[in-house]
Amino acid sequence: QVQLVESGGGLVQAGGSLRLSCAASGSIFSINAMGWYRQAPGKQRELVATITSGDSTGYADFVKDRFTISRDNAKNTVYLQMNSLKPGDTAVYYCNYKMSRGPFRYDYWGQGTQVTVSS
């Protein structure tokens, strides 16, 4: 079993910054990619940023040049540095790990951390 524990959410004023962390523990095997998603009230969960095992990154258009995803392989941790935050960034943020073992693929999710940006 794999557990993902997120931290770093909170309340911040518009223009401020937050750094989210997501640490994996348990029976960790081959991690193919890590990502951050978010879900605002009444909206569907949406992709924010991804990073692959080869350190290729991808971002949603609405966070480009403001958010940065990174990883620490030794700590099995993925980070999301969020700068220039806007009220529209308010949501619950979830981390996601995509792992594989042989022909099998697994998706793991964190419990979510609330990010609230006040105007």
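The model is predicted, so local features need pLDDT of at least 70 and side-chain atom pairs count only at pLDDT 80 or more, while totals for chains, interfaces and linings use all residues. Residues are numbered from 1 along each chain as its sequence is written, and side-chain values use heavy atoms, leaving out hydrogens and water.

**View A. N76 sits in the loop between β7 (67-72) and β8 (77-82).** Strands are DSSP runs of E, at least two residues, numbered from the N terminus. Phi of N76 is near 50 degrees. That is a positive value in a residue other than glycine. N76 counts as partly exposed because its relative accessibility is 23%. The class lies between buried (under 20% relative accessible area) and exposed (over 50%), with a 1.4 Å probe and protein chains only.

**View B. S84 lies in the loop between β8 and β9 (91-101).** S84 is not a glycine, yet its phi is positive, near 50 degrees. Its relative accessibility of 40% makes S84 partly exposed.

**View C. N96 belongs to strand β9.** N96 is buried, because its relative accessible area is 2%. Its side chain makes a polar contact of 3.4 Å with the side chain of K98. Another polar contact, 3.3 Å, joins the side chains of N96 and D107. A polar contact is a pair of N or O atoms within 3.5 Å; within protein, one must be able to donate a hydrogen and the other to accept it, and residues adjacent in sequence count only if both atoms are side-chain atoms. Leaving aside neighbours within four places in sequence, N96 is in contact (heavy atoms within 4.5 Å) with A33, M34, G35, Y37, D107, Y108 and W109.

Key
Helix = DSSP H or I, 4+ residues; strand = E, 2+ residues; numbered from the N terminus.
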